[in-house]
Amino acid sequence: MRPVIPYVTAALLFGLGVYGVLRRRNAVLVLMAVELMLNAVNLILVTADTTVRAALPHSGQVFALFVIVLAAAEIGVGLAIVLQLYRLRASVTVDDVPLTEAPTAVAAGRGKGDR
C-alpha cells in the first residue's frame, strides 16, 4: 500500500476541519468540524501503524480506538452544552455565546437576607 494517499487524504480532512472550526458560526457544525479533525488523526495513526513497524504491535490502532472514545465523550458533552445554549438563547450561533460571566446578585454580595 502506498502511504502517500492516506496521508494526503488525512491532511485534506484536517484542513477542512480547521476551516470549519474557524469559519462556522453554528455550534453543531463546529462540533462536526472537530470530528473531521479527529478522524484525520485516526487515519494517520492507522496508516502509520501499518507502514512503520514499531516495537509495540498495533499501537496505532489502539491509539485510534482511544481517540474514538475521546471523540464520543466530546460529542456527548458538546451536544449537552449546545442544547443548554439553545434553551437559554434560542440560538446556537457561536458569536452569541458570552465568554465572561455576568455578575449576579449572589456574586455581588447580596444574598437572600439583603433585601
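A residue is called buried when its relative accessible area is under 20%, exposed when it is over 50%, and partly exposed in between (1.4 Å probe, protein chains only). By this rule V67, with a relative accessible area of 13%, is buried. The structure is a predicted model, in which local features need pLDDT of at least 70 and side-chain atom pairs count only at pLDDT 80 or more, while totals for chains, interfaces and linings use all residues. Residues are numbered from 1 along each chain as its sequence is written, and side-chain values use heavy atoms, with hydrogens and water left out.

Helices are DSSP runs (H or I, at least four residues), numbered from the N terminus. The expected span of a helix is 1.5 Å times one less than its number of residues. Helix α1 (residues 4–23) has 20 residues and should span 28 Å, and its end C-alpha atoms are 28 Å apart, which agrees. Its buried residues are P6, A10, G17 and G20. They cover an arc of only 85° around the axis, and therefore lie on the same side of α1; the arc is that of the directions from the helix axis to the C-beta atoms. In general, an α-helix has 3.6 residues a turn, so residues three or four places apart point the same way. The face of α1 turned away from the buried side carries the exposed residues V4, I5, L12, L22 and R23. The cover over the buried residues of α1 includes α2.

A nonpolar surface patch of about 390 Å² is formed by F14, V18, V21, L22 and V41. Such a patch joins nonpolar side chains (Val, Leu, Ile, Met, Phe, Trp, Tyr) within 5 Å, taken from residues with over 30% relative accessible area and no salt bridge. A salt bridge is a side-chain nitrogen of Lys or Arg within 4 Å of a carboxyl oxygen of Asp or Glu. Helix α1 gives the most to the patch, with four residues. V21 lies in α1 and is partly exposed, with a relative accessible area of 31%.

Helix α2 has 25 residues and reaches 36 Å from its first C-alpha to its last, close to the 36 Å expected. Its buried residues are A27, V30, L31, A33, E35, M37, A40, N42, T47 and D49, and what covers them includes α1 and α3. Contact means heavy atoms within 4.5 Å. N42 has a relative accessible area of 11% and is buried. Leaving out residues up to four places away in sequence, N42 touches A64, V67 and I68. D49, in α2 (residues 27–51), counts as buried at 9% relative accessibility. Apart from neighbours within four places in sequence, D49 is in contact with H58, S59, G60 and Q61.

Helix α3 has 31 residues and reaches 44 Å from its first C-alpha to its last, close to the 45 Å expected. In α3, the residues S59, G60, A64, V67, A71, G78, V82 and L85 are buried, and their cover includes α2. V67 belongs to α3 (residues 59–89). With residues up to four places away in sequence not counted, V67 touches L38, N42 and L45. V67 and L38 are 29 residues apart in sequence and 7.1 Å apart in space, C-alpha to C-alpha. Just after α3, A90 takes a positive phi of about 60°.

Terms used. Helices (H or I, at least four residues) and strands (E, at least two) are DSSP runs, numbered from the N terminus. Patches are made of residues with over 30% relative accessible area and no salt bridge: like charges are joined within 9 Å, nonpolar side chains (Val, Leu, Ile, Met, Phe, Trp, Tyr) within 5 Å. Accessible areas come from the Shrake-Rupley method with a 1.4 Å probe; for residues, only the protein chains shown count as cover.
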